[in-house]
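Please keep the sequence and the structure in view while reading.

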Amino acid sequence: MPSPYSIELENVTKSFPLQTSGVFGRLQPERFTALADVSFTVGHGESLAVVGRNGAGKSTLLNLISGVTPPTAGWLRTDGHVTALLELGIGFHPDLTGRENLALNASLCGLSRAETQQRYDAIVEFSELGEVMGDPLRTYSSGMWLRLAFAVAVHSEPEILLIDEILAVGDEQFQQKCFDRMTEFRRQGKTIVCASHVHGIVSSLCERAIWLDQGRLVRDGKVEEVCREYEESLRSAEASR
């Protein structure tokens, strides 16, 4: 029987080893817990926002869902092809041309060489970078890197799309183009998980949000309610300083 969920996490914890100086200068192994006992599900076709301060565990969570790193404890399951835009520049080489980086990034998104050739023109047209595809990527602005990365990602036909912060990069017109494409994804029944500090981005894209604080899930609910409580907590923390 098929699962009703595209993403499932149960009691997921992720910790990383640290080395600290102890008595007599000896190195003592310690661990930093980035996520602690996190459980939630995301249904097929659902759009989920992930909010929280820097260091709250948002990027770690998306890395786990994408399969970049395994959980330390608990279990995680995804149902469908995952494409992730987790950090601007991942999968790109600055000395290669835009054309070469397109092919490289497409392979990392799971496209075969034949599929990349078939979709090449559509990717370039979406990115609006046709005039500079023969130039090395180091000559591109951060907004141009985003255009290329997003264009490749959305043409890899993901069933689950993960986005971490980077849609705040680039001009307003291209951001709207990205939103339009992701709205189309939602209509097609695809799943989107978006981490961002920008309330406008997550509220216009997602109907539900989770709030992470120091690696723990503190709230799960409607996006407007969760974002309002999160922003109120930021104002309270600022006022108490």
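## Terms and basis of the model

Helices (H or I, at least four residues) and strands (E, at least two) are DSSP runs, numbered from the N terminus. The model is a predicted one, in which local features need pLDDT of at least 70 and side-chain atom pairs count only at pLDDT 80 or more, while totals for chains, interfaces and linings use all residues. Residues are numbered from 1 along each chain as its sequence is written, and side-chain values use heavy atoms, with hydrogens and water left out.

## Thr 69 and helix H1

The loop between helix H1 (58-66) and strand E4 (73-78) contains Thr 69. Thr 69 has a relative accessible area of 18% and is therefore buried (buried means under 20% relative accessible area, exposed over 50%, and partly exposed in between, with a 1.4 Å probe and protein chains only). Its side chain forms a polar contact of 2.9 Å with the side chain of Lys 14. A polar contact is a pair of N or O atoms within 3.5 Å; within protein, one must be able to donate a hydrogen and the other to accept it, and residues adjacent in sequence count only if both atoms are side-chain atoms. When neighbours within four places in sequence are left aside, Thr 69 is in contact (heavy atoms within 4.5 Å) with Lys 14, Asn 63 and Leu 64.

Leu 64 is itself among the buried residues of H1, which also include Lys 58, Thr 60, Leu 61, Leu 62 and Ile 65. Just after H1, Gly 67 adopts a positive phi of about 90 degrees.

## Ser 3 before strand E1

Ser 3 belongs to the segment before strand E1 (5-21). Is Ser 3 buried or exposed? Its relative accessibility is 17%, so Ser 3 counts as buried.

The side chain of Ser 3 has a polar atom 3.0 Å from the backbone nitrogen of Tyr 5. The side chains of Ser 3 and Glu 8 are joined by a polar contact of 3.4 Å. Not counting residues up to four places away in sequence, Ser 3 touches Glu 8, His 44, Arg 77 and Asp 79.

## Helices H4 and H5

Helix H4 (residues 142-154) packs against helix H5 (residues 172-187) at an angle of about 10 degrees, and their axes are 12 Å apart. Axes are lines fitted to C-alpha atoms, for helices over the stretch in contact, and angles run from 0 to 180 degrees between N-to-C directions. H4 and H5 are therefore roughly parallel to each other; angles under 35 degrees count as roughly parallel, over 145 as roughly antiparallel, 65 to 115 as roughly perpendicular and the rest as oblique.

From H4, Leu 146, Arg 147, Phe 150 and Val 154 meet Phe 174, Cys 178, Arg 181, Met 182 and Phe 185 of H5. By class, this contact has seven nonpolar, no polar and two charged residues. Here Ala, Val, Leu, Ile, Met, Phe, Trp, Tyr, Cys and Pro count as nonpolar, Asp, Glu, Lys and Arg as charged, and the others, Gly among them, as polar.

## Helices H2 and H4

Helix H2 (residues 98-108) and H4 pack at an angle of about 40 degrees, with axes 10 Å apart. H2 is therefore oblique to H4. The contact involves Gly 98, Asn 101, Leu 102, Asn 105 and Ala 106 of H2, together with Leu 148, Ala 149 and Val 152 of H4. By class, the contact of H2 with H4 has five nonpolar, three polar and no charged residues.
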